[in-house]
Amino acid sequence: MKRESPPVAEIVLQIDGKAVKATEGMTVLQAASSATISIPTLCHHEKLEPYGACRLCMVEVEARGRKSYVVSCLYPVARDLIVRTRSDKVDKIRRVILEELLAHAPHSPELMRLAQEYGADKDRFEKESSFCILCGLCVRYCAEIKGKNAVGFVDHGARRKIRFVPEIASNECWDCQECFALCPTSFAQAAYFLTEALAFPGRRKAWTP
Amino acid sequence: MAKLRSAAGLETLRADIVSRRDPGKRCIAVCAGAGCDAACSAAVVDALREEAAKKSIDVKVTGCHGLCEKGPNVVVTPGELCYFGVRPEDAPGIVAGTAKGVRMDEVPFYKHQMRLLIGDNPRIDPTRIEDYLALGGYAALSKALFQMTPDQVLDQVKKANLRGRGGGGFPAGLKWETAKNAPADERYVIVNGHEGEPGAFMDRALFTGNPHKVLEGLIIGAHAIGAHRGFIYTRHDSPKLIEHIETALAQAEAYGLLGENILGSGFDFEVEVHFDVGIFVSGESSALMRSIEGNPPEPRPKYVRTSVSGIWEKPSNLNNVETWANVSQIISRGADWYASIGTEGSKGTKLVSLSGHVVNSGVAEVPMGTPLRTIVHDIGGGVADAKPLKALHFGGPMGGSIPERLIDTPLDFDALAALGAPIGAGGLLVMDDGTDMVDMARYFLEFLTHESCGKCVPCREGLLQMLKILTSMTNGKGRNGDIARLEDLAEVTGMACLCALGKTASDPLRSMLRHFKDEYEARIPAGG
Amino acid sequence: MCSDKIDQILARHRGKPGALIRVLIEIQHEKRWLPKEALAKVAQALEVPLSRVTQIATFYKTFSLKPKGRHEVHVCTGSSCHVRGAARLLAEVQRMTGLKPGETDSESRFSLETGSCLGSCSLGPEIIVDGTHHARMTPAKVEGVLKRYS
């Protein structure tokens with residue numbers, strides 16, 4: 001395929017000591033994954049807009065001698081940027097974040113695997129009643145890919161949660177259910193069936209001819 | 001009124017307003033600031049008006065005078081005689097001149113201050129632009145439009161080293177320059193009048209009491225930056241504030257000081273008012289801009305400054321109320337004059353709202369560099385009920401506490417930040433020796449768990465876990481490992497959060513672990 | 001009930017998603033709460049997904065999804081009121097009314113709210129009923145104040 005626009009500038013940055021080629025506009029996470037350097041994520045999905053909420057993909061970057069900690073899913077690549085995907089501080093951030101999330105979902109396979117890698121203790125903080133970790137994958141997938149907005153966020157701060165909107169979910173969800181597989185804790189599925197049972201039992205669209 | 005179309009027109013109008021006023025005529029100014037208003041100053045106004053109607057005396061309803069503790073406050077000019085705790089039945093004595101007042105410059109609360117910004121409040125009816133014009137209002141705008149280039153204005157603000165009064169202390173001139181130079185077809189200026197932190201009420205005092213001072217600064221800034229559209233973002237729960245802002249905008253527009261072809265200079269600028277509907281996080285600059293766009297006020301996670309890409313991804317320069325209010329005097333009196341006030345790194349004066357266990361709650365204005373001792377003891381009158389002072393807390397839920405022994409620290413952005421108690425917006429909470437510093441950290445975290453957006457994990461979960469630990473500690477259920485858990489949570493929250501609210505949310509706790517750690521250790525069973 | 005008022009508000013902003021917050025403020029002012037049916041109407045009129053309307057309506061504390069009582073009792077829990085004993089004051093208001101913050105009693109007499117500092121710190125600790133400030137309160141004075149509102 002012929003390019004219509006002029007070629008984008010190529011950038012070389014350093015990730016974990018390796019020179020990595022990237023193009024302008026890419027994120028550090030994209031550059032790393034193109035070089036098969038893995039960075040853990042929970043709220044990232046390649047089909048969705050970067051969200052920057054789980055903060056697990058934080059890395060250490062050094063530019064012009066200044067060190068800082070940034071989320072790789074949003075931080076743009078730059079010439080001569082030095083990236084370290086592991087360091088004591090990075091590992092500590094990931095460990096504490098995982099411990100915070102394990103208070104919600106101590107048995108999530110994805111969290112358990114990461115907990116092992118970063119030495120996170122699932123019992124370090126007091127347990128929370130909801131096993132949703134609010135990665136927003138269901139909400140964003142439904143809005144950005146399906147254009148249905150059948151599930152959304154409600155409330156704010158520590159009370160934030162996801163909620164299926166019965167008026168929309170009763171028409172849209174039964175034939176789709178694509179968000180269930182994205183959920184790292186299987187909460188989306190549970191939330192949907194709870195909504196159905198309470199708000200529109202037996203009245204989902206697929207049952208009407 | 002006809003729109004003014006030249007600098008000379010403005011001066012003619014001003015001369016006309018001044019000529020109609022007799023400086024010798026008595027005027028009674030009644031404070032209707034937040035404290036006095038809540039203390040029924042309206043009834044005092046009614047009584048004074050009834051009494052004054054019999055004589056040739058004006059009764060003016062004004063913004064906050066400062067000494068909220070002794071409200072309702074009345075000041076009579078000429079002579080600047082102060083009357084405190086005024087009741088309706090005091091009206092005859094005040095009007096007749098038989099009641100004994102105290103000269104303002106002899107009131108300890110006022111005499112240690114330098115009231116460049118708030119000093120005009122007792123002289124201005126905020127709903128009358130003529131009062132502001134009579135005191136020289138909009139002369140700085142006229143100077144900026146007709147005698148200076150936008151670059152010269154910018155240069156003055158940079159040379160004055162005006163630092164943002166909203167919390168970060170970032171140099172305003174550099175921010176303006178970034179917004180001015182960012183490539184775009186349109187750019188915006190914004191007044192952050194959100195002031196959501198508990199114990200901070202100085203911006204409201206200034207904006208409600210003298211709205212044109214803020215507006216004049218905004219228009220000057222817009223011209224310097226090249227913005228033709230501005231936004232005022234403020235609280236929805238202060239009816240007087242909203243009324244005064246909207247009246248000021250309408251009057252400025254009617255006089256041709258706002259809108260198309262301002263003062264005939266060819267410069268166009270319009271302003272919209274937007275409201276917070278009750279959440280602290282919407283005062284965070286990127287969240288505020290999302291809110292103006294009509295989106296939920298979640299901070300934007302992108303690594304690009306709002307001065308480059310803000311509202312609708314256009315360069316957007318945001319400063320708080322007090323920062324904008326400083327602009328006109330820098331333009332009229334010059335950067336050198338301004339920079340002569342204050343310390344090496346912190347110039348000008350600073351508004352401080354004093355609250356807590358202090359004798360005189362209120363709004364004070366002092367030169368930067370003033371020792372905290374002067375603010376607390378000379379202006380504030382010391383600790384209430386003559387109790388010993390324990391700690392001073394600056395900056396509310398994103399600030400920090402320092403112990404009494406550091407009371408000779410100067411009011412200075414850098415000196416206080418180095419102690420872990422950044423000035424923030426200028427809310428100063430005084431605490432006596434009965435205050436529990438574990439409970440104070442718990443209090444601020446409880447506030448923030450309700451006032452954050454809840455998007456990013458280290459803020460939402462980190463604050464909640466810190467709150468739970470501190471709650472159990474204050475309930476006598478501290479456990480081994482609690483302090484280490486708090487330190488880890490606070491550190492990660494500070495490093496990993498998405499926005500400034502989250503990044504600084506653990507600062508009060510960190511300052512208390514730094515200066516009052518023994519109180520925390522005492523809550524852990526022996527051996528912890 | 002009042003639905004023509006809501007229709008009037010919506011008519012002014014039809015098809016303007018950017019007006020969402022303003023519309024919700026206007027409805028809240030009109031009715032003092034946001035009925036569920038109103039949210040659905042707003043979504044339709046402004047062409048905004050209902051999930052977005054619900055998100056905004058639950059994001060800000062000013063919006064109420066439940067009807068409010070005849071009298072709104074606001075206990076200031078700002079930092080100055082806090083150090084001056086707001087917690088004891090709140091406990092007494094809760095004991096007297098049987099309400100937790102955010103609740104309304106079954107007779108719709110009182111709604112109890114806590115929260116943001118209104119800047120009248122010199123009067124603290126204070127409770128504000130229907131906009132009237134009751135200054136320098138003590139738990140002992142609570143009963144006398146609440147008695148005035150029926």
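How many helices and strands make up the secondary structure of chain C? The count is seven helices and four strands, where helices (H or I, at least four residues) and strands (E, at least two) are DSSP runs, numbered from the N terminus.

Some housekeeping: this is a predicted model, in which local features need pLDDT of at least 70 and side-chain atom pairs count only at pLDDT 80 or more, while totals for chains, interfaces and linings use all residues. Residues are numbered from 1 along each chain as its sequence is written, and chains are lettered from A and ligands numbered from 1 in the order in which they are written.

**Chain C overall**

Following the sequence, chain C reads α-α-α-α-β-α-α-β-β-β-α. Its C-alpha trace spans about 50 × 30 × 20 Å along the principal axes. Of the 150 residues in chain C, 45% are buried (20 or more other C-beta atoms within 10 Å of the residue's own; exposed is 12 or fewer, partly exposed is in between, and C-beta atoms are placed from the backbone).

**Helix 8 of chain B**

Over in chain B, helix 8 covers residues 150–160, and its buried residues are Val153(B), Leu154(B), Gln156(B), Val157(B) and Ala160(B). They sit on the same side of helix 8 because they cover an arc of only 155° around the axis, the arc being that of the directions from the helix axis to the C-beta atoms. Asp151(B) and Gln152(B) are exposed, on the face turned away from that buried side.

Just past the end of helix 8, Asn161(B) has a positive phi of about 55°.

**The sheet in chain B**

Chain B also has an open sheet of four parallel strands in the order 8-7-6-9; two strands pair if DSSP finds at least two bridges between them. Strand 8 (270–276) and strand 9 (316–320) each have a single partner strand, so one side of each is left without a neighbour in the sheet. On average, neighbouring strands are turned by 20° against each other, direction ignored. Strand 6 (residues 188–193) and strand 7 (residues 229–235) run parallel and are joined by six bridges; Ile190(B) has Phe231(B) in strand 7 as its bridge partner.

Helix 14 of chain B packs on this sheet, touching strand 6 and strand 9, and its direction makes about 95° with that of strand 9. For such angles, axes are lines fitted to C-alpha atoms (for helices over the stretch in contact), and values run from 0 to 180 degrees between N-to-C directions.

Note on methods
Two residues are in contact if their C-beta atoms, placed from the backbone, lie within 7 Å.
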